[in-house]
Amino acid sequence: MAEIVELQRNSANWAKVVDDIVRIEKKIFPKHESLSRSFDEELKKKNSGLLYTQLGEDIAGYVMYSWPSSLSACITKLAVKENYRGQGHGEKLLKAAVQKCRTRSIHRISLHVDPTRTAAMQLYKKLGFQVDTLVEGYYSSDRNAYRMYLDFDME
């Protein structure tokens, strides 16, 4: 049974979890997109969080998010190991991260996605994210990104 776990800064397994996630990060993302060299620093930032899916001893995927202001949050990374894709892990992680961000009374969650990552685009749209704009050269000079957002009605 898959369990979504929030990485706590003072947890005993911090180093092991971060090492496992860095390995996933290096495998999935091109070097210039990977946070693997700065992952530890990213996670130590006050306004950031990380959730991961634990299957036994294995980490199936993770989502990293931050809330740079009181009004907005950002999904900075979402990744699922290849052998666990298509099983709903990405959707569960994204929903859990959105819920965490919602508890902060934010108005908008944004993210960037490579338009060629069809499965990711479908997932974001399924959960209500909308394409805002195309950001040319976001990943590299020849790779663009869509900026997508999810707005919340404020009572």
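Author: Begin with one side-chain pair. This is a predicted model, and in it the side chains of histidine 89 and glutamine 87 are joined by a polar contact of 3.4 Å.

Reader: Is histidine 89 buried or exposed?

Author: The cut-off for buried is under 20% relative accessible area. Histidine 89 has 6% relative accessibility, so it counts as buried.

Reader: Which residues does histidine 89 touch, leaving out those up to four places away in sequence?

Author: Histidine 89 touches Ala2, Thr53, Leu55, Ala60, Val80 and Tyr84.

Reader: Where in the secondary structure is histidine 89 found?

Author: Histidine 89 is in helix 3, which covers residues 89–102.

Reader: How do I check the span of helix 3?

Author: Compare the end-to-end distance with the expected value at 1.5 Å a residue. Helix 3 has 14 residues, and from its first C-alpha to its last it reaches 20 Å, close to the 20 Å expected.

Reader: Which residues of helix 3 are buried?

Author: The general idea comes first. An α-helix has 3.6 residues a turn, so residues three or four places apart point the same way. In helix 3, the buried residues are His89, Gly90, Glu91, Leu93, Leu94, Ala97, Val98 and Cys101.

Reader: Next, backbone angles. What is the phi of serine 105?

Author: Most residues other than glycine have a negative phi. Serine 105 is not glycine, yet its phi is positive, near 60 degrees.

Reader: Where is serine 105 found, and what is its relative accessible area?

Author: Serine 105 lies in the loop between helix 3 and strand 5, the latter being residues 108–113. Its relative accessible area is 48%, and serine 105 is therefore partly exposed.

Reader: Now the whole chain. How many helices and strands does the chain have, and what pattern do they follow?

Author: There are four helices and seven strands. Along the sequence the pattern reads β-α-α-β-β-β-α-β-α-β-β.

Reader: What does the radius of gyration tell me?

Author: It can be set against the value for a compact globule, which for 155 residues is near 15 Å; the chain has 15 Å, so the two agree. Along the principal axes, the C-alpha atoms fill a box of roughly 40 × 40 × 30 Å.

Reader: What share of the residues is buried, and what share of the contacts is between residues 24 or more positions apart?

Author: Of the 155 residues in the chain, 45% are buried. Among contacts with a separation of 6 or more, residues 24 or more positions apart account for 56%.

Note on methods
Residues numbered from 1 in each chain as written. Predicted model: local features only at pLDDT ≥ 70, side-chain atom pairs only at ≥ 80, totals over all residues. Heavy atoms only, no water. Helix = DSSP H or I, 4+ residues; strand = E, 2+ residues; numbered from the N terminus. Buried < 20%, exposed > 50% of the residue type's maximum accessible area, 1.4 Å probe, protein only. Polar contact = N/O pair within 3.5 Å; in protein donor to acceptor, adjacent residues only side chain to side chain. Contact = heavy atoms within 4.5 Å. Expected span 1.5 Å × (residues − 1). Rg over C-alpha atoms; globule rule 2.2 N^0.38 Å.
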